[in-house]
Amino acid sequence: MREFKKENKVFIKSNNSTSKIFNRYLYCLIPFLLLIVFYNLIWGSNIYVLNLFKSIFISLLISILTQYIFNLIKKEYNISKVFLHDQILTISIILGLFSINSNIFLIIISSLVTVIIKNIFRDINISSTLYGMLVILLYSYYTNDLNTPLTNLKELSYVGTYELMVTPHGGIVDYLFGLNNIYLSPILSVIAFIYLFNKKSIKYNIVFSYILTFFIIMLLFGLFNNMNIWYLFLQLTTGNILFLSVFCLTDYTNTPTTGEGQIIYGIILGILTSVLRFVVPDLSVVISLILGPILLTKIINRISFKLKYDKKYYYLILSISIILVLITLILLNILI
Amino acid sequence: MVSIEDKKISPSKKIIDDVKIQIIYIPLKSKLGYVYKPTVKVGDYVCIDDTLGINVTTDFALKSSVSGTIVGIEKKYISNGHLVDCLVIENDFKEKYRNKLGKKKDITKYSKECFLYMLQNSGITGMGGGDYPTFIKYSTNNKINYLIVNGIESEIYSSSDNALMYNYAEEILECIDAITEIMDIDKAYIAINENNSVIIKKFLKHINTYPNIKIYPIIDAYPSGWERYLVNEITNLNYENNPSEVGVIVNNVSTIYSIYELLKYNRPSTEKIVTIAGAGVRKPANYKVKIGTNFSELMLKTDGYSKINNPVLVAGGAMMGKSIPTDELIITRDLNTILVLEETNQKSEKCIKCGKCSEVCPVGLMPVMIIDSNDRTKKLRIDKCIGCGLCSYVCPSKIEVREILESMKEK
Ligand code: SF4
Ligand code: SF4
């Protein structure tokens with residue numbers, strides 16, 4: 001008779017792992033850094049590149065230290081865990097990208113806020129960076145007038161031309177590749193999404209439904225107000241809407257777990273972003289993405305369970321979504 | 001459904017059928033919990049097909065697979081990981097029958113009553129892993145429209161059914177035809193994985209003689225052999241508890257082959273093909289052995305184990321199998337695969353709420369929600385879990401989701 005270890009489990013496992021998934025997010029950020037560095041070294045200013053490294057370095061330093069303090073409190077003394085498990089690298093790079101033009105004090109505060117929120121609310125992971133971004137953006141709002149052609153529609157006799165919408169902030173290429181040093185590249189965001197989708201490492205339903213809802217609302221709004229395609233283009237390429245939807249909207253830990261739930265989640269956040277867009281353009285995505293998990297995830301998880309077993313709920317949800325989109329459109333027309 | 005890498009033994013590889021097993025163990029309790037009251041005692045001489053015990057509630061017989069002397073009752077492991085009492089028979093290798101009948105030429109010439117009576121007395125149970133007495137499936141008052149023969153082996157190492165279909169395609173077709181004739185069933189389908197072209201070709205070679213039997217290719221993914229999925233995929237019907245509610249009977253190919261032997265030779269098969277594989281086995285192959293073979297004796301008489309770190313013995317496939325603490329494991333009708341695998345010891349991490357477990361669950365459960373909501377498990381239909389293990393397989397945090405659900409179910 002030969003003895004064996006008794007172990008009740010599934011004896012084969014997929015080769016996917018949490019670290020692989022999280023590392024893929026990290027790899028996706030590298031092209032953003034490279035693009036900024038090379039573009040600015042060749043055509044832009046070296047100062048901008050230095051600022052980028054400065055902001056990443058500071059946010060990395062502060063984040064690592066703060067995270068390690070939290071780990072020490074939890075009696076986890078191994079510093080490598082900070083890098084391997086806590087996604088500090090990803091968080092610091094995202095924060096660094098967002099705070100290139102900020103002063104050191106602001107970078108420190110935003111990094112601190114991010115890591116503290118991440119550790120206090122344990123269900124928040126990469127999207128804790130949204131709180132850091134909020135600090136940076138609120139400060140910018142406080143110090144600058146950040147009105148863009150998206151908000152001051154009232155003052156324009158007609159809107160939607162290339163000259164009016166795109167040229168003042170650089171040409172179409174600048175927008176698509178994020179070369180105007182204002183927003184992160186939408187093209188690279190789309191490529192990152194395709195990569196993560198291909199590697200089954202992203203809750204893609206959220207991104208699809210979010211962008212689609214936002215797109216439909218903006219398209220209808222544009223059509224009702226006689227605006228042409230450049231208006232829509234600007235809506236989609238500004239405010240880091242694509243970047244944030246790929247990297248923060250899909251944060252694993254605090255978004256719905258079923259496909260159905262993820263679609264509903266994306267639709268609601270798409271509507272929320274569209275409304276906020278006309279109040280606070282650059283903050284719209286950030287605020288929506290912060291509010292989403294707080295208000296929606298738990299309840300959507302419950303609803304999606306009903307959806308799985310009773311198909312009539314599909315029609316109900318579809319009808320509610322259409323009504324909400326129409327209400328949003330009316331609201332937006334009143335707002336402007 | 002999820003595509004999982006394939007580690008099957010080719011069906012054309014020779015089945016090893018020359019291992020002589022001296023001591024046979026016949027469990028007095030089945031995987032599903034049917035208890036058999038022994039009708040023999042220590043010292044009795046038994047022949048093949050002699051009744052060894054009776055399940056009183058179903059009046060179902062337990063049969064001997066060898067001829068020899070009852071030498072005792074011992075506790076051994078069976079496929080569900082339980083230690084159960086087994087009748088120990090010392091095999092005299094004489095293969096004696098009490099009343100051996102001749103080979104029947106036309107196996108369609110049985111009445112329905114006779115067929116059911118033979119099934120009940122034969123001890124034939126589901127051989128695809130279910131272990132359910134086959135006569136109960138056929139003793140339904142509902143009109144049966146479809147017979148589905150399950151030839152799907154979605155577990156990655158299991159290939160015993162493939163080997164059986166490869167070697168006995170003609171016999172299987174003959175038996176299906178007989179069953180449809182006897183039970184007045186309109187149509188029969190043999191479900192086979194669409195990529196299993198070798199087996200499909202084998203059947204296609206003979207199928208023209210049987211116009212009411214069709215091959216139904218099924219997607220090559222796990223768990224495409226799940227009964228509920230097959231019934232829905234092939235007939236578009238859904239049922240609550242049992243396929244016979246909607247006029248369908250599902251049998252595994254090995255069960256069909258066992259019925260074939262019953263109809264042809266008036267006795268059920270006494271042997272069974274079992275896949276023995278994994279890194280810890282020196283000679284992975286399909287073995288044809290007597291029902292009641294002790295795995296430890298089989299390993300002693302074959303090439304045995306190879307050296308690996310932390311070996312685990314698994315009765316059943318890598319996904320749904322049970323870990324057994326010693327190799328005193330009895331090969332029963334329902335056991336198709338025995339694996340000796342290397343335990344990888346992957347550490348589980350915190351759930352990242354990725355939802356992959358919900359995405360893949362064939363029943364449509366939301367495992368992560370069930371785990372998080374201790375008090376609402378019933379509402380979240382935990383009882384519908386079929387234990388396929390896909391949730392544990394896909395989990396990137398390497399959480400044993402199925403085991404957690406099973407322990408919650410038990411509570
Ligand atoms: S697959 Fe694993 S990590 Fe993902 S939600 Fe399910 S239990 Fe959590
Ligand atoms: S083991 Fe249960 S919960 Fe997990 S995937 Fe299979 S049926 Fe669903």
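**View 1. Domain 1 of chain A and domain 2 of chain A bury about 2900 Å² between them.** Welcome to this predicted model.

**View 2. Chain A is assigned a domain 1 (19–145) and a domain 2 (150–336).** To get your bearings, picture the C-alpha centres of the two domains, which lie 23 Å apart. Domain 1 of chain A brings 31 residues to the contact, and domain 2 of chain A brings 34 residues.

**View 3. Between domain 1 of chain A and domain 2 of chain A, 6 residue pairs are in polar contact, both residues being at pLDDT 80 or more.** If you look for salt bridges between these domains, the count is 0.

**View 4. Three helices of chain A, α1 (18–42), α4 (88–98) and α6 (129–143), each supply at least two residues of the side of domain 1 that touches domain 2 of chain A.** Which helix gives the most to this side? That is α1(A), with 13 residues. Sorted by class, the side of domain 1 of chain A that touches domain 2 of chain A has 24 nonpolar residues, along with 5 polar and 2 charged ones.

Conventions: Residues numbered from 1 in each chain as written. Chains lettered and ligands numbered in written order. Predicted model: local features only at pLDDT ≥ 70, side-chain atom pairs only at ≥ 80, totals over all residues. Heavy atoms only, no water. Domains from an automatic or database assignment. Contact = heavy atoms within 4.5 Å. Buried area = accessible area lost by both parts, 1.4 Å probe. Salt bridge = Lys/Arg side-chain N within 4 Å of Asp/Glu carboxyl O. Polar contact = N/O pair within 3.5 Å; in protein donor to acceptor, adjacent residues only side chain to side chain. Helix = DSSP H or I, 4+ residues; strand = E, 2+ residues; numbered from the N terminus. Nonpolar A, V, L, I, M, F, W, Y, C, P; charged D, E, K, R; others polar.
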